[in-house]
Amino acid sequence: MPEPQCARPRSVAVEAVAVAAAATPDGGAAPGHGAAPEPGAAPQRRSAGSDGGAPTGKPRGLWSDAWHDLLRNPVFVVSALVIVFLVVISVWPSLIASRNPLSCDLALAQEGSRPGHPFGFNGQGCDVYTRTVHGARTSVVVGVLASLGVALTGSVLGALAGFHGGAWDAVLSRITDVFFAIPVVLGGLVLLSLVAGTTVWPVIGFMVLLGWPQISRIARGSVITVKQNDYVQAARALGASPARIMLRHILPNAVAPVIVVATIALGTFIALEATLSYLGVGLRPPAVSWGIDISDASPYIRNSPHMLLWPAGALAVTVLAFIMLGDAVRDALDPKLR
Amino acid sequence: MGRYVIRRLLQMIPVFIGATLLIFLMVHVMGDPIAGLCGERQCDPATESRLRQEFGLDRPVWQQYMTYMGHVFSGDFGTAFNGQKVIELMASAFPVTLRLTLVAVAFELVVGVVLGVLTGLRRGRPVDTSVLLLTLVVIAVPTFVTGLLAQLVFGVTWRIVQPSVSYTAPLGELILPGLVLASVSLAYVTRLTRTSVAENARSDYVRTAVAKGLPRHRVITRHLLRNSLIPVVTFIGTDIGALMGGAIVTERIFNIHGVGFQLYQGILRQNTQTVVGFVTVLVIVFLLANLLVDLVYAVLDPRIRYA
Amino acid sequence: MLLDVRDLRVEFRTRDGVARAVNGVSYAVDAGETLAVLGESGSGKSVAAQAVMGILDTPPGRITGGEVLFRGRDLLRLKEERRRRIRGAEMAMIFQDALSALNPVLDVGSQLGEMFVVHRGMSRGQARARAVELMDRVGIPAARERAGDYPHQFSGGMRQRVMIAMALALEPALIIADEPTTALDVTVQAQVMELLARLRRELDMALILITHDLGVVAEAADRIAVMYAGRIVETAPVHAVHRAAAHPYTRALLDSVPRLDRKGRELYAIRGLPPNPLRVPPGCAFHPRCPVARDICRTDEPPLYEAGEGRRSACHFWRETLDG
């Protein structure tokens with residue numbers, strides 16, 4: 001639903017962006033939501049009202065100001081620390097879990113926790129602690145690569161459409177509409193059931209394929225907003241080349257909403273990977289993934305809930321950390337929302 | 001207003017063609033359309049070539065798509081793996097999922113909007129902070145985990161509800177699954193309403209309403225809410241289509257024989273007729289929901305109506 | 001005395017500290033009188049008016065002291081319900097930007113009629129009829145038909161007329177107009193100002209006119225109060241000010257009048273910038289920009305000196321300024 005929403009208040013639109021971004025499988029089948037962002041979604045600094053508002057301190061740039069705000073925001077600090085920890089253990093899982101996640105002993109199946117095995121054992125007798133630690137790598141890799149892919153593809157296409165307008169823009173808008181009409185879990189089921197694999201690549205590829213329109217829509221709106229600013233008109237009047245206008249004047253000012261949405265989307269991609277693995281079309285064993293472990297544990301949930309709760313808890317904390325990080329970044333970039 | 005509706009309808013056509021074509025291609029080109037037709041077994045070569053001809057699989061893909069759409073518009077969605085007509089599967093599955101979706105939407109509307117308004121008016125207070133935190137947790141826990149846990153706690157440990165829904169799926173048994181299905185959107189509706197209310201509460205026209213000497217309840221209901229709920233209604237309307245398509249996980253957990261269940265079966269058995277048929281209808285539902293949202297939006301916001 | 005504001009103080013708590021937006025402001029308005037409150041952006045003139053009207057955003061704003069005596073009652077001590085009945089009925093406000101100050105999703109007829117429904121208990125039909133009368137009175141053509149239109153369908157000038165109609169609806173004793181013409185085209189500004197002045201005369205209302213436009217002041221006001229950094233630096237009858245100023249800041253404002261061709265340039269003659277409300281200079285807040293400042297100005301905050309002819313000036317050297 002493109003044009004008609006221009007009348008909405010700006011930061012509501014930003015929230016709607018986040019909503020569209022973060023909608024997870026089932027219940028919110030992203031990226032299909034039409035709660036569409038519009039050309040107005042770009043967070044912009046503005047000083048407090050002329051006479052009526054609270055005064056501002058000495059002026060700083062958008063980015064340094066945002067950074068300053070972030071460091072003082074406990075939500076940001078906590079979620080950033082969690083994320084750093086996750087990245088470290090996904091690069092070097094053996095730092096805190098030295099066992100092999102694939103070595104299991106059926107005799108120990110479904111056993112509870114014991115010394116050396118704090119989270120107990122799963123249905124195949126594998127150590128839940130080791131598998132939970134090693135599962136982080138899959139989630140982080142899928143989340144990071146899928147977001148990067150989506151952010152790059154989406155912002156290039158969206159920015160070009162917003163910059164050039166015309167037929168290119170119209171075609172791209174219709175294409176994004178098409179992608180929005182396909183529920184994401186459904187698309188995943190159809191596509192991934194055809195491409196069996198134990199690596200993360202088909203999953204990432206699918207996420208980029210279905211995720212880019214969402215970023216492209218935001219990038220487009222953001223570029224259109226920035227394009228209308230006086231300094232861009234001035235640069236054009238002074239004879240700057242389109243490439244220079246795009247790279248020097250528009251991109252740096254239009255990139256903020258894309259970063260925010262991509263960060264939040266990162267968390268939801270992680271959740272989506274787990275959901276697809278739960279449905280049996282994401283990663284497949286012997287890959288180690290929280291989604292697989294949760295799926296494997298679900299039949300035993302009545303008797304041995306520990307098998308499900310540990311990987312599910314790790315998954316929730318990870319997704320939460322990325323969503324809160326994105327939230328904090330958005331608040332920092334759009335002070336009006338505070 | 002009339003032109004607005006017509007423009008919207010016209011814009012739906014390419015989206016419909018694009019979305020159905022995309023699914024059609026995904027299923028037909030990448031999968032084997034006749035793989036599931038002989039039940040669990042592999043088809044023998046003679047049957048296979050006969051089937052290929054019967055379904056026109058020897059012709060170009062675009063012709064196959066046209067033929068299929070022609071059938072669809074005359075009400076023929078083909079045959080499912082067990083010999084049942086796909087349209088019959090739909091007749092039993094869609095009412096169930098529609099009921100489930102309506103329960104979910106009711107939760108979004110009632111719980112989400114009420115929480116959002118309460119927190120939006122009390123921004124920064126303890127109520128606000130705790131609800132906000134809760135919504136983040138709900139968003140962060142994937143629906144299949146929420147569903148499994150809800151089933152365990154309410155169905156098994158406390159025995160308040162049946163852990164799995166019976167075949168006819170009466171409304172009463174759909175309350176817990178509906179809440180699970182709604183959970184993530186519910187959190188978004190809460191956050192969206194909250195932001196919208198808080199934003200509008202500081203707007204100039206609300207200040208004007210206060211300066212006019214209106215009582216607080218009138219300022220809130222007549223001026224603040226009327227404006228704040230516009231984006232929320234838009235979101236919920238669009239969500240209807242998304243919920244119906246996204247109910248696969250919830251239906252699997254609670255063993256509900258709805259759209260998601262049939263689709264899942266169709267995909268597992270590689271039955272193209274079922275998959276393409278159900279997705280086509282879901283796309284139509286999504287587009288109609290969007291059209292409805294656009295109309296409601298125009299009714300609520302005169303700036304759109306007279307644009 | 002209709003309105004008597006005494007030593008009003010308003011603070012804003014921000015993350016960077018406390019800003020004293022209004023720092024001991026006193027002014028008074030007689031029935032039927034027009035007081036112009038003059039000052040740059042950030043001088044506290046609008047905040048003070050919002051505190052008087054009772055529509056200050058709290059938080060972040062907070063009234064920390066003073067009295068607002070309206071017809072003898074201290075509004076700051078009234079219960080909110082009593083205060084609400086005064087708003088709109090006995091005192092009303094006109095805002096700068098009518099497009100954002102009017103509700104976008106309600107037609108103007110019902111927004112005007114709402115005043116009668118809420119304060120006078122009229123039926124919707126009666127209220128609608130009164131709304132049309134009002135629109136007619138403020139010069140909106142085809143009032144009956146246009147009452148069903150929405151704010152975005154009106155031109156800027158017509159919208160501001162709707163705003164004025166809304167403020168006048170219940171014939172209040174006091175109207176506060178916060179930069180009522182700033183958002184309008186120059187040609188329309190004069191018409192709207194004329195309308196406001198005429199209706200004020202006809203209904204014999206008092207008017208507080210908040211502005212930074214000296215041209216507007218000269219035509220409409222009886223007295224002026226000049227604000228700087230949250231304080232009143234000079235009050236005087238308007239004719240006296242046009243002869244000579246008793247404060248260097250007022251004088252600088254007057255000197256900049258010929259340059260008053262565009263908003264934002266009127267203070268061309270004053271060097272420097274208005275102070276950051278978080279860090280108001282000690283002594284006289286104007287001293288860093290003042291051409292006659294001496295040592296005492298940097299240390300001692302000047303009181304409001306009586307300067308004759310009904311004038312008061314917060315300058316240690318008011319006599320010198322007046323003569324020079």
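**Chain B, overall**

I started with the order of elements in chain B, and from the N terminus on it reads α-α-α-α-α-α-α-α-α-α-α-α-α. That comes to 13 helices and zero strands. I note here that this is a predicted model.

I checked the extent next: along the principal axes, the C-alpha atoms of chain B fill a box of roughly 85 × 55 × 30 Å. Of its 307 residues, 48% are buried. I also looked at contacts between residues at least 6 apart in sequence, and in chain B 74% of them join residues at least 24 apart.

**F144(B)**

I picked out F144(B), which sits in helix α6 of chain B, residues 143-157. Is F144(B) buried or exposed? I counted 27 other C-beta atoms within 10 Å, so F144(B) is buried, the cut-off being 20 or more.

**Helix α11 of chain B**

I went on to α11(B), residues 259-268, where eight of the 10 residues are buried, so the helix is largely enclosed by the rest of the structure. I wrote down the buried ones: V259(B), G260(B), F261(B), Q262(B), L263(B), Y264(B), G266(B) and I267(B).

What do these buried residues pack against? In chain B I found α4 (86-121), α9 (216-246), α10 (248-253) and α12 (272-300), and from chain A there is α6 (184-194). Just past the end of α11(B), I noticed that Q270(B) has a positive phi of about 50°. I flagged it because most residues other than glycine have a negative phi.

**α9 and α10 of chain A**

The crossing of α9(A) past α10(A) is right-handed.

I listed the residues that meet. On the α9(A) side they are E273(A), A274(A), T275(A), L276(A), S277(A) and Y278(A). On the α10(A) side they are W290(A), G291(A), I292(A), I294(A) and S295(A). Sorted by type, the contact has six nonpolar residues, four polar and one charged.

**Chain C, overall**

Chain C has 13 helices and 12 strands. I checked the radius of gyration: at 20 Å it is close to the 20 Å that the globule rule gives for 324 residues, so chain C is as compact as a globular protein of that length. The C-alpha box along the principal axes is roughly 65 × 45 × 40 Å. I got 49% of the 324 residues as buried. Of the chain C contacts with a separation of 6 or more, 63% are between residues 24 or more positions apart.

**Positive phi in chain C**

Which loop holds R71(C)? I placed R71(C) between β4 (61-70) and β5 (73-74) of chain C. Its phi is near 50°, positive although the residue is not glycine. With 15 other C-beta atoms within 10 Å, R71(C) is partly exposed.

I found E171(C) in the loop between α7 (156-168) and β7 (174-178) of chain C. E171(C) is also not glycine and has a positive phi, near 45°. I count 14 other C-beta atoms within 10 Å of E171(C), so it is partly exposed.

Terms used
Residues numbered from 1 in each chain as written. Chains lettered and ligands numbered in written order. Predicted model: local features only at pLDDT ≥ 70, side-chain atom pairs only at ≥ 80, totals over all residues. Left-handed = near helix turned anticlockwise from the far one by under 90°. Helix = DSSP H or I, 4+ residues; strand = E, 2+ residues; numbered from the N terminus. Contact = placed C-beta atoms within 7 Å. Nonpolar A, V, L, I, M, F, W, Y, C, P; charged D, E, K, R; others polar. Buried ≥ 20, exposed ≤ 12 C-beta atoms within 10 Å, placed from the backbone. Rg over C-alpha atoms; globule rule 2.2 N^0.38 Å.
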